[in-house]
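Here's a quick briefing to read alongside the structure. Have a look at it first, then work through the notes by topic.

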Amino acid sequence: MFKKLVVLDTDDRTGKAYGEKIGKTVRDELEQMLRFDIIPPEKVSVQHPLSPQSLDKISKKLQSDGFIVCRVALSHEMVNISLEILDRRG
């Protein structure tokens, strides 16, 4: 069970900077819905794609249980948004 999650920066593959706006909306909605502590992306710096080693390092540093990863991409002129909740090992 997750108690403390890190919200990572949105992996924006649109080339149109949609990720920043969508990432903020996702964080705002999750903070209102969920019953655990959420650490904002400003507290961590992660390069995409994610590696299990980088997630483990961040998890230990921030004492988190898991991560919320958001990806945004364009496909056939539609914006696709995917969210994943990962444990500390990815």
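Predicted model: local features only at pLDDT ≥ 70, side-chain atom pairs only at ≥ 80, totals over all residues.

**Salt bridges around Asp11**

- Asp11 pairs with Arg13 through their side chains, in a salt bridge with an N to O distance of 2.8 Å.
- What does the pair of Arg71 and Asp11 tie together? Arg71 sits in strand S4 (residues 66-75) and Asp11 in strand S2, so the link joins parts that are 60 residues apart in sequence.
- Arg71 counts as partly exposed, because its relative accessibility is 25% and that class covers values between the 20% limit for buried and the 50% limit for exposed.

**Another salt bridge, and the overall count**

- Side chains of opposite charge can pair when their charged atoms come close.
- Lys24 and Asp28 form a salt bridge too, with their closest N and O atoms 2.9 Å apart.
- How far apart are Lys24 and Asp28 in helix H1 (residues 18-33)? They are 4 residues apart, so about one helical turn separates them.
- Both partners are partly exposed: Lys24 has a relative accessible area of 47%, and Asp28 comes in at 29%.
- Back at Asp11, salt bridges with shared partners join Asp11, Arg13, Arg71 and Glu84 into one network.

**Nonpolar cores**

- The largest nonpolar core has 11 residues in all: Val6, Leu8, Ile39, Val44, Leu50, Leu55, Ile58, Leu62, Phe67, Val69 and Leu86.
- Helix H2 (52-62) and strand S4 each supply at least two residues of this core.
- The largest share comes from H2, with 3 residues.
- Which residues does Val44 touch, leaving aside those up to four places away in sequence? Its contacts are Val6, Leu8, Ile58 and Leu62.
- There is also a second, separate core of 9 residues, and among them are Leu5, Val7, Ile22 and Leu30.

- Tyr18, Leu74, Val79, Ile81 and Leu83 make a nonpolar surface patch of about 410 Å².
- Strand S5 (residues 78-87) gives the most to this patch, with 3 residues.
- Val79, one of the patch residues, has its place in strand S5.
- Is Val79 buried, partly exposed or exposed? At 37% relative accessibility, Val79 is partly exposed.

**Asn80 in strand S5**

- Asn80 is also found in strand S5 and is partly exposed, with a relative accessible area of 38%.
- Not counting residues up to four places away in sequence, Asn80 touches Arg71, Val72, Ala73 and Ser75.
- Asn80 and Glu42 are 38 residues apart along the chain, and their C-alpha atoms are separated by 24 Å.

**Loop residues to look at**

- Thr10 lies in the loop between strand S1 (4-7) and strand S2 (11-13).
- Thr10 is buried, because its relative accessible area is 16% and buried means under 20%.
- A polar atom of the Thr10 side chain lies 3.4 Å from the backbone oxygen of Gly19.
- Ala17 is in the loop between S2 and H1, and its phi is near 60 degrees, a positive value in a residue other than glycine.
- Ala17 counts as exposed, at 52% relative accessibility.
- His76 is placed in the loop between S4 and S5, and it has a positive phi of about 50 degrees although it is not a glycine.
- His76 is exposed, with a relative accessible area of 77%.

Notes. Residues numbered from 1 in each chain as written. Heavy atoms only, no water. Patch = residues over 30% accessible without salt bridge, like charges linked within 9 Å, V, L, I, M, F, W, Y side chains within 5 Å. Areas by Shrake-Rupley, 256 points an atom, 1.4 Å probe, with all protein chains shown as cover. Salt bridge = Lys/Arg side-chain N within 4 Å of Asp/Glu carboxyl O. Buried < 20%, exposed > 50% of the residue type's maximum accessible area, 1.4 Å probe, protein only. Polar contact = N/O pair within 3.5 Å; in protein donor to acceptor, adjacent residues only side chain to side chain. Core = buried A, V, L, I, M, F, W, Y, C linked by side-chain atoms within 4.5 Å. Contact = heavy atoms within 4.5 Å.
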